[in-house]
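Dear colleague,

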Amino acid sequence: MTLDRPRRPRSARAHDAVLAATSALMREDGITAITIDRIAARSGVSTATIYKHWPCKAAIIAEAFGRDTAEVVALPDTGRPIDDLVTYATDLLTHYTSPEGALFAQLLAACATEPQAAPYFHEFFLMPRRAAVEPFWDRAAEAGLTRPGVDAAAATDVLLGALVFRLMSGHGSLSPDEVRKLVDHALHGLLAPAGP
């Protein structure tokens with residue numbers, strides 16, 4: 001689903017003010033303490049205007065968190081696509097384990113309790129992260145580093161899925177060394193080579 005919301009300049013300013021206020025409140029108090037009234041008070045935008053643009057609090061949070069993550073986690077392009085994949089995955093998980101990035105788990109919980117937020121989570125957070133990884137797979141394929149026909153979407157799930165599962169379950173370390181180990185398993189597999 002694409003959220004088609006053309007905005008006039010004044011509306012765009014209000015939109016940016018709401019996202020900036022939400023980002024500040026997330027950093028200060030976490031997601032659960034945020035209310036629409038607090039966002040309105042911080043941003044100077046009326047609650048009526050806020051509800052014209054977003055159906056619920058979690059939708060605003062999803063858009064703000066997606067924007068913040070894009071600004072924090074850089075996309076490397078060193079000419080070595082596999083190294084870039086490892087660096088990006090490591091940087092992303094390092095961000096998720098930081099105090100600000102730890103809001104990711106709260107965001108998922110908020111979207112589960114406010115289903116209207118799901119399209120915002122997909123458009124402003126999930127899809128940009130996935131789209132950022134696809135060129136890495138394309139460059140790796142062009143360099144002959146992946147098997148022919150590797151599906152970028154499935155490969156991204158394999159690469160990041162174990163990392164996010166460990167992040168959400170908390171059952172193991174997400175130190176840079178552990179992240180690199182999981183990424184290495186995702187990229188190179190776990191099975192012994194088949195016999196002749």
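The largest share of the lining of the largest pocket comes from helix 8, which gives four residues. Please note that this is a predicted model, in which local features need pLDDT of at least 70 and side-chain atom pairs count only at pLDDT 80 or more, while totals for chains, interfaces and linings use all residues. Residues are numbered from 1 along each chain as its sequence is written, and side-chain values use heavy atoms, with hydrogens and water left out.

**The largest pocket**

The space in the largest pocket comes to about 440 Å³. Of its 14 lining residues, Arg147, Val150, Ala186, Leu187 and His188 are the closest to the centre. Helix 8 (152–169) and helix 9 (176–188) are the elements that give two or more residues to this lining. By class, the lining residues are 10 nonpolar, three polar and one charged.

The terms are used as follows. On a 1 Å grid over the protein atoms alone, a pocket is an open set of points where a 1.4 Å probe fits, with protein on both sides within 12 Å along at least five of seven lines; lining residues have an atom within 4 Å of a point. A volume is the space filled by probe spheres set on the points, which are joined across faces, edges and corners. Helices are DSSP runs (H or I, at least four residues), numbered from the N terminus. Ala, Val, Leu, Ile, Met, Phe, Trp, Tyr, Cys and Pro count as nonpolar, Asp, Glu, Lys and Arg as charged, and the others, Gly among them, as polar.

**Salt bridges**

The structure holds eight salt bridges (a side-chain nitrogen of Lys or Arg within 4 Å of a carboxyl oxygen of Asp or Glu). Below, buried means under 20% relative accessible area, exposed over 50%, and partly exposed in between (1.4 Å probe, protein chains only).

One of them joins Arg130 and Asp157, with the closest N and O atoms 2.6 Å apart. Because Arg130 lies in helix 7 and Asp157 in helix 8, the pair ties together parts 27 residues apart in sequence. Arg130 is buried at 18% relative accessibility, whereas Asp157 is partly exposed at 45%.

Glu178 and Arg166 also meet in a salt bridge (3.0 Å, N to O), which links helix 9, holding Glu178, to helix 8, holding Arg166. Glu178 is partly exposed at 21% relative accessibility, and Arg166 is buried at 15%. A network of salt bridges links Arg166, Glu178 and Lys181.

Yours sincerely
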